[in-house]
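Hello,

Here is the structure I promised to pass on to you. Please open it alongside this email, and then read on for what I found in it.

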Amino acid sequence: SICHPLDTVRVQMQVDSEGGAARQYKSSVDAARKIVLRDGLRRGLYAGLSAAFLRQWTYGACRMGLYSYLLNSNRSDEKGKSPSLVTKLWYGLVSGGIGAFIGTPSELSLVRMTADSKKPLQERRGYKSVVDCCVRVVREEGPTALWRGASITIMRACVLSSVQMGVTSETKERLTEIGFFKYSNGAPILFISTLFASVFANTFSMPFDVIKSRLQNQNPHRPLYSNAWDCARKSVAQEGPLVLWRGFTPAFIKLAPY
């Protein structure tokens, strides 16, 4: 709940100025300020909170649980020996990909609900909750529409989870080996490890995230993009390559403590 406004700011920055429209937000702070002034806290920064909960129960729980299971299974097979960084990256990729497929409906709901207040009043979807969003998507667009953007969602999750969890685990072990921290599972070492991993995870996954948000937010009856590649090509051509890292700051702040 505390971190949800960061998701709202991230998504609205990612879909800002798409299709050649004028850019509304200059920075994360500017985006947050304008969202609150326009729609308030509940309908602005906290829009889509129910979708965020569903995403954590599906995608979040699945990827973290599966990664822990794979990591512990490897250590049991290797008699306590820690797996290599490559193995950890692979475990993160697998767990992230599976979690993302299961959680795609919640991701689509989160994007649409958090971005809705940015649309003109006559174009807003007005979803009341994540359940209402999913029911209406199925009724208006068909059941498979809940998995719109699933491929790019899975690619984004594979990259994010692989780098985040693999680098976090490896950093913890290296810091423990050199004796920099007294406790291997204490709060300081966890914070430093996740902070370090968050820089790399967001750097590599952000282009996928921007494309995902734009594909899932677009009107299916008047689409701006035909597929992920078309979205990337048009976005870069119209807004420059840095558009693929738009929303990096709120994404980094949210992921760092994890």
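Thr 194 is buried, because its relative accessible area is 5% (buried means under 20% relative accessible area, exposed over 50%, partly exposed in between, with a 1.4 Å probe and protein chains only). Before going further, please note that this is a predicted model, in which local features need pLDDT of at least 70 and side-chain atom pairs count only at pLDDT 80 or more, while totals for chains, interfaces and linings use all residues. Residues are numbered from 1 along each chain as its sequence is written, and side-chain values use heavy atoms, with hydrogens and water left out.

Thr 194 sits in helix H8 (helices are DSSP runs of H or I with at least four residues, strands are runs of E with at least two, and both are numbered from the N terminus). A polar atom of the Thr 194 side chain lies 2.9 Å from the backbone oxygen of Leu 190. That is a polar contact, meaning a pair of N or O atoms within 3.5 Å; within protein, one must be able to donate a hydrogen and the other to accept it, and residues adjacent in sequence count only if both atoms are side-chain atoms. Between Thr 194 and Leu 41 there are 29 Å from C-alpha to C-alpha, and the two are 153 residues apart in sequence.

Ser 198 belongs to H8 too, which covers residues 187-217. Ser 198 counts as buried because its relative accessibility is 0%. Leaving aside neighbours within four places in sequence, Ser 198 is in contact with Phe 252, Leu 255 and Ala 256 (contact means heavy atoms within 4.5 Å).

Ser 161 is found in helix H7, residues 150-177, and is buried, with a relative accessible area of 0%. Apart from neighbours within four places in sequence, Ser 161 has contacts with Tyr 59, Arg 63, Gly 92, Gly 96 and Gly 166.

How do H5 and H7 cross? The axes of H5 (residues 85-115) and H7 come within 6 Å and cross at roughly 140 degrees. Axes here are lines fitted to C-alpha atoms, for helices over the stretch in contact, and angles run from 0 to 180 degrees between N-to-C directions. H5 and H7 are therefore oblique to each other (angles under 35 degrees count as roughly parallel, over 145 as roughly antiparallel, 65 to 115 as roughly perpendicular and the rest as oblique).

**From H1 to H2**

Helix H1 (residues 4-14) is mostly covered, with ten of its eleven residues buried. Among them are His 4, Pro 5 and Asp 7. H1 packs with helix H2 (residues 28-39) at an angle of about 100 degrees, and their axes are 10 Å apart; the two are therefore roughly perpendicular to each other. On the H1 side, Thr 8, Val 9, Gln 12 and Met 13 meet Ser 28, Ala 31, Ala 32, Ile 35 and Arg 38 in H2.

In the loop between H1 and H2 you will find Ser 17, which is not a glycine but has a positive phi of about 65 degrees. Ser 17 counts as buried because its relative accessibility is 6%. Glu 18 is in the loop between H1 and H2 as well, and counts as buried at 14% relative accessibility. Not counting residues up to four places away in sequence, Glu 18 touches Arg 214, Asn 217, Leu 224, Tyr 225 and Glu 239. Glu 18 and Lys 234 are 216 residues apart in sequence, yet 8.9 Å apart in space, C-alpha to C-alpha.

Best wishes
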